[in-house]
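Please look over the sequence and the structure shown below before reading on. The briefing that follows takes up a pocket and then a pair of helices.

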Amino acid sequence: MTARDAASHSSEAASLYLDEMTLDQLHDDLVQLARNYGRIAPAEAYQTGTTLLNQVQVLLDRTRSPQQHTKLYYAAAQASALLSALSFDLGALVPALTFARSSAQYGKTIENGSVQAYAHGLMALVAFWDSRPARPSAWPGGARSSAAWGHRSASPVRHRGPRPRSSARRRASGALYPRCARPDQRQ
């Protein structure tokens with residue numbers, strides 16, 4: 001290897017590292033979207049979230065730095081979670097579930113338990129409102145705590161929240177206790 005080859009290789013390696021200001025701007029844009037979520041039109045928020053997620057995906061292809069990959073996958077998880085919440089608010093339950101799954105997958109990629117727990121909570125919420133109240137407790141991740149995802153925080157509380165509501169809903173509909181169902185719902 002000559003000095004010229006070494007210089008060429010080092011400049012190529014340097015070009016595969018993103019400027020930190022780019023990552024900071026992306027983080028600031030995500031924070032701004034999250035803070036303004038309730039104050040802007042849903043269509044505008046959805047467009048902004050989609051743009052940010054696309055930007056993250058483009059930046060992931062431009063870097064080879066493991067630290068930057070972790071930051072970018074975390075940003076992708078945040079953007080996907082925001083898009084899931086937006087889709088849910090707009091009544092689009094299938095895209096909401098898809099974005100929540102994407103967020104969980106990004107969290108799994110970077111081994112971030114909080115992200116995974118939040119995404120699974122979103123999936124449980126969507127299932128609950130999609131008239132599938134038994135579904136959240138039946139998921140493979142349904143009985144997990146955040147410690148199983150490698151992180152200790154308040155996420156077990158967030159994650160287990162839909163389970164009592166789903167039991168109450170099934171009980172009220174007579175699905176759990178057929179004899180306790182209202183007379184018009186008995187078979």
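**A pocket and a helix pair**

The largest share of the lining of the second largest pocket comes from helix 4, which gives five residues. The model described here is predicted, and local features are reported where pLDDT is at least 70.

**The second largest pocket**

- The volume of the second largest pocket is about 250 Å³, and of the 16 residues that line this pocket, those closest to its centre are Tyr74, Gln78, Ala81, Val115 and Tyr118.
- Two or more residues of the lining are given by each of helix 2 (20-36), helix 4 (66-89) and helix 6 (113-129).
- When the lining residues of this pocket are sorted by class, ten are nonpolar, five are polar and one is charged.

**Helix 2 against helix 3**

- Helix 2 also takes part in a helix pair, in which its axis and that of helix 3 (residues 42-62) come within 11 Å and cross at roughly 155°.
- Because angles over 145 degrees count as roughly antiparallel, helix 2 and helix 3 are roughly antiparallel to each other, and their crossing is left-handed.
- On the side of helix 2, the contact is made by Thr22, Leu26, Asp29, Leu30 and Leu33, while helix 3 contributes Ala45, Thr48, Gly49, Leu52, Gln55, Val56 and Leu59.
- Sorted by class, the residues in this contact between helix 2 and helix 3 are seven nonpolar, four polar and one charged.

Notes: Residues are numbered from 1 along each chain as its sequence is written. This is a predicted model: local features need pLDDT of at least 70, side-chain atom pairs count only at pLDDT 80 or more; totals for chains, interfaces and linings use all residues. Side-chain values use heavy atoms; hydrogens and water are left out. On a 1 Å grid over the protein atoms alone, a cavity is a set of points where a 1.4 Å probe fits but cannot get out, and a pocket is an open set with protein on both sides within 12 Å along at least five of seven lines; lining residues have an atom within 4 Å of a point. Grid points are joined across faces, edges and corners, and a volume is the space filled by probe spheres set on the points. Helices (H or I, at least four residues) and strands (E, at least two) are DSSP runs, numbered from the N terminus. Ala, Val, Leu, Ile, Met, Phe, Trp, Tyr, Cys and Pro count as nonpolar, Asp, Glu, Lys and Arg as charged, and the others, Gly among them, as polar. Axes are lines fitted to C-alpha atoms, for helices over the stretch in contact, and angles run from 0 to 180 degrees between N-to-C directions. Angles under 35 degrees count as roughly parallel, over 145 as roughly antiparallel, 65 to 115 as roughly perpendicular and the rest as oblique. A crossing is left-handed if the near helix is turned anticlockwise from the far one by less than a right angle, and right-handed if clockwise. Contact means heavy atoms within 4.5 Å.
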